[in-house]
Amino acid sequence: MDRDRRYNLRSVVGKSRRIIEEDITKKLIYYGITKKAAPIPVENLQHLSEEDKEIKIKLEKAIEKEKCAVTNYQKAVDRYIRHVGFTFINRIAALRAMEVRGLITETILRKSEYGGMSLRERGIHEKNHDLTPDQVLEESLKDAFREVTKEIKVLFDLESEYSLIFPSNKVLRDIIRLLSDDVTEDDWMQDDIIGWIYQYY
């Protein structure tokens, strides 16, 4: 990949990283977890459902593991946010690289002929008319993750600690748009594109 294309890719990855990490930061606040203070005890978070409480416990355990590499809890939270963002950006990028090679059903690329959805989304929508567009998007990504995890489990595993929080649908759409519209199909065919994305994140 030549320098100009790498420069554009670096810009796209930087934008994607900022918006996804801001989103994950906000989602952690819902669970009483911030980079500025100790976590709020679960009993003080009356808005959490029983399922939310279980997720909070898992999040705190995951963040505690991050402390092995840093000096305090706040840096551990920051490290966890970065890893979640990195995981989802790489998942979406890997799906895009696979679909342009015909290895999976189109999941990232949207087309007008599919009503502005991806081919995988359209298939899910046709089988589940009661799902909202946001639900269709999330289910299509999870469906693709489950399919690919058979071959690349470490990155796509929905049971991993970096999958406890799913980015908001708006952020997912923004990132999909950036990686689809601002990075050419020819760029996605380059063998080294995933390596550059890894480096630029």
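**Entry 1: the model.** I began by recording that this is a predicted model, and I kept to the numbering that runs from 1 along each chain as its sequence is written.

**Entry 2: α1 and α9.** I looked up how helix α1, residues 3-30, lies against helix α9, residues 193-200, and found that their axes come within 9 Å and cross at roughly 50°. That angle makes α1 oblique to α9, since only angles under 35 degrees count as roughly parallel and those from 65 to 115 as roughly perpendicular. I noted the hand of this crossing of α1 and α9 as right-handed. Going through the residues, I found that α1 brings R6, L9, R10 and V13 to the contact, while α9 brings I193, W196, I197 and Y200. Sorted by class, the contact of α1 with α9 has 6 nonpolar and 2 charged residues, with no polar ones.

**Entry 3: α2 and α3.** Next I turned to α2 and α3, whose axes come within 8 Å and cross at roughly 105°. I wrote these helices down as roughly perpendicular to each other, because angles of 65 to 115 degrees are counted that way. On the α2 side I listed L59, A62, I63 and E66, which meet Y73, A76, V77, R79, Y80 and H83 of α3. By class, the contact of α2 with α3 has 7 nonpolar, 1 polar and 2 charged residues.

**Entry 4: α3 and α7.** I then followed α3 to its packing with α7, where the angle is about 45° and the axes are 11 Å apart. The two helices, α3 and α7, are therefore oblique to each other, and α3 passes α7 in a right-handed crossing. The residues I found meeting here are I89, I92, A93 and R96 from α3 and L172, I175, I176, L179 and S180 from α7. In the contact of α3 with α7 I recorded 7 nonpolar residues, 1 polar and 1 charged.

**Entry 5: the largest nonpolar core.** Which residues touch the most other members of the largest nonpolar core? Of its 53 residues, I found these to be L28, L95 and W188. I also looked up where the core comes from: α1, α2 (50-66), α3 (73-100), α5 (133-149), α7 (169-181) and α9 each supply at least two residues. The largest share of this core, 15 residues, is supplied by α3. I then took L28 by itself and, leaving aside residues up to four places away in sequence, found that L28 touches I33, L59, V77, Y80, I81 and I165. Among these partners, L59, V77 and Y80 were already in my list for the meeting of α2 and α3.

**Entry 6: two loop residues.** Although A38 and Y73 are 35 residues apart in sequence, their C-alpha atoms are 7.3 Å apart in space.

For the loop between α2 and α3 I looked up C68, which has its place there. C68 is exposed too, with a relative accessible area of 73%. I compared its position with that of Y200, which is 132 residues away along the chain, and recorded a separation of 24 Å between the C-alpha atoms of C68 and Y200. Y200 is also one of the α9 residues that I had listed in the contact with α1.

Terms used:
Predicted model: local features only at pLDDT ≥ 70, side-chain atom pairs only at ≥ 80, totals over all residues. Heavy atoms only, no water. Axes fitted to C-alpha atoms, helices over the stretch in contact; angles between N-to-C directions. Helix = DSSP H or I, 4+ residues; strand = E, 2+ residues; numbered from the N terminus. Parallel < 35°, antiparallel > 145°, perpendicular 65-115°, else oblique. Left-handed = near helix turned anticlockwise from the far one by under 90°. Contact = heavy atoms within 4.5 Å. Nonpolar A, V, L, I, M, F, W, Y, C, P; charged D, E, K, R; others polar. Core = buried A, V, L, I, M, F, W, Y, C linked by side-chain atoms within 4.5 Å. Buried < 20%, exposed > 50% of the residue type's maximum accessible area, 1.4 Å probe, protein only.
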